[in-house]
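My entries follow in the order I made them.

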Amino acid sequence: MHPAPSVIVFTALSGLGFGLLAFLGLGIPDVSGTTAFIFFFIAYALAVGGLISSTFHLGNPQRALKAFSQWRSSWLSREGVFAVLALSVTGIYAAALIFLDTRLPIVGMIGAALSMVSVFCTSMIYGQLKTVPRWNQPMTPALFVLFTLAGGALLAAQLKLAAVFMLMLGGAQVLHWLVGDKRLAIAGGTIEAATGLGHLGKVRLLESPHSGKNYLLKEMAHEVGRKHAQKLRMITILFASLIPAVLLLLTAPSHAIAAIAVILHLIGLFAGRWLFFAEAEHVVALYYDKHRS
């Protein structure tokens, strides 16, 4: 799949923002007044900024509002609905906390739950796609949720807890790759199966069906070299999980250590998210003799 920058920024930043909103809704950290305003400002900037970024991937961004109407059948629509609900409910909680110095714990918990449901809906946009076998596995939502919990705990200054979530994230990421690498073959993803000509023997293209690039080749048939993928996998594990987790567990808590951990985690997050899209094999590419296993 084409790793569009707008989608990578959307999934990465909105996940961090909703993760921080979830912790703030639970009263973690216990802040009020100006400090609470700063925390909520960061959370809303990340969540809303990510959601706005996603509209740049739409062919007709002016029609984005129509996405809310299909919530009965579309995870994309559900994501939009729950994102708006999460931002609205958490906004009430934040306003009471910042301007009235009043904590509304029930409202905060509802906002935290809605924030996590929004992230789950985002993950299911990809996890339910049978046409992309690598994504169509239980570890896809687990990966998105753990990225959100790790990043949210880190931004909420819960450093030891963030380290634990990062180690869990590293394990989930490796498992996602191990399972994902076999998914296309398990799903019968071959050009013989796609064309229905497998009973005749080995199938190969005489020539490409198009003389130039088309939409399918641009968006669905992106391929990343194995050597580059291995390097990016290593960067993802080291920067998103292992190095910041070890740093947070073995050093005394401080703003400087937290800032370094955030930077390292962001590098790993964006590398992993780019790879998430770049490695995904859409079955339509089989008709172009791509993704041979």
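How many aromatic pairs does a search of the whole structure find? I get 11. I counted rings of Phe, Tyr and Trp (its six-membered ring) as paired if their centres lie within 6.5 Å, with planes under 30 degrees apart as stacked, over 60 as edge-to-face and the rest as tilted.

Before going on, I note the ground rules. The model is predicted, so I take local features only at pLDDT of at least 70 and side-chain atom pairs only at pLDDT 80 or more, while totals for chains, interfaces and linings use all residues. Residues are numbered from 1 along each chain as its sequence is written, and side-chain values use heavy atoms, with hydrogens and water left out.

**Entry: rings**

I picked out F144 and F276. Their pair is edge-to-face, with 5.5 Å centre to centre and 70° between the planes. F144 sits in helix α5 (residues 139–155) and F276 in helix α10 (residues 255–278), so this pair ties together parts 132 residues apart in sequence. My helices are DSSP runs (H or I, at least four residues), numbered from the N terminus.

Buried or exposed: what are F144 and F276? Both are buried. My cut-offs are under 20% relative accessible area for buried, over 50% for exposed, and partly exposed in between (1.4 Å probe, protein chains only).

R273 lies over the face of F144, 4.4 Å from the ring centre. R78 lies over the face of W75, at 4.6 Å.

**Entry: helix packing**

I stayed with α5 and α10. They pack at about 160°, and their axes are 10 Å apart. I fitted axes as lines to C-alpha atoms, for helices over the stretch in contact, and angles run from 0 to 180 degrees between N-to-C directions. The two helices are therefore roughly antiparallel. That label needs an angle over 145 degrees; under 35 is roughly parallel, 65 to 115 roughly perpendicular and the rest oblique.

The crossing of α5 and α10 is left-handed. By that I mean the near helix is turned anticlockwise from the far one by less than a right angle; clockwise would be right-handed. The contact (heavy atoms within 4.5 Å) includes F144, F147 and G151 of α5, and H265, R273 and F276 of α10.

Next I checked α1 (residues 5–25) against α4 (residues 105–127). The angle is about 155°, with the axes 8 Å apart. That makes α1 roughly antiparallel to α4. Among the contacting residues are V7, F10, G15 and F18 of α1, and G108, A112, M116 and Y126 of α4. α1 passes α4 in a left-handed crossing.

α3 (75–99) also packs on α4. I read about 160° and 8 Å between the axes, which makes α3 roughly antiparallel to α4. This crossing is left-handed.

**Entry: backbone**

Most residues other than glycine have a negative phi, and most peptide bonds are trans. I looked for departures.

Which residues does a cis peptide bond join? I found I28 and P29, with omega about 0°. P29 lies in the loop between α1 and α2 (33–55).

D101 is not a glycine, yet its phi is positive, about 50°. I place D101 in the loop between α3 and α4. It is exposed, at 58% relative accessible area.

A157 has a positive phi of about 65° and is not a glycine either. A157 belongs to the loop between α5 and α6 (159–186). At 47% relative accessibility, A157 is partly exposed.

**Entry: two spot checks**

I took L167 in helix α6. L167 is partly exposed, at 42%. Leaving aside neighbours within four places in sequence, L167 is in contact with S241, L242, A245 and L249. L206 is 39 residues from L167 in sequence but 48 Å away, C-alpha to C-alpha.

Then I took Y288, in the segment after α10. Y288 is buried, at 13% relative accessible area. With neighbours within four places set aside, its contacts are L205, P209, H210, N214, L216 and L217.

Technical notes: Lys NZ or Arg CZ within 6 Å of the ring centre and 35° of its normal.
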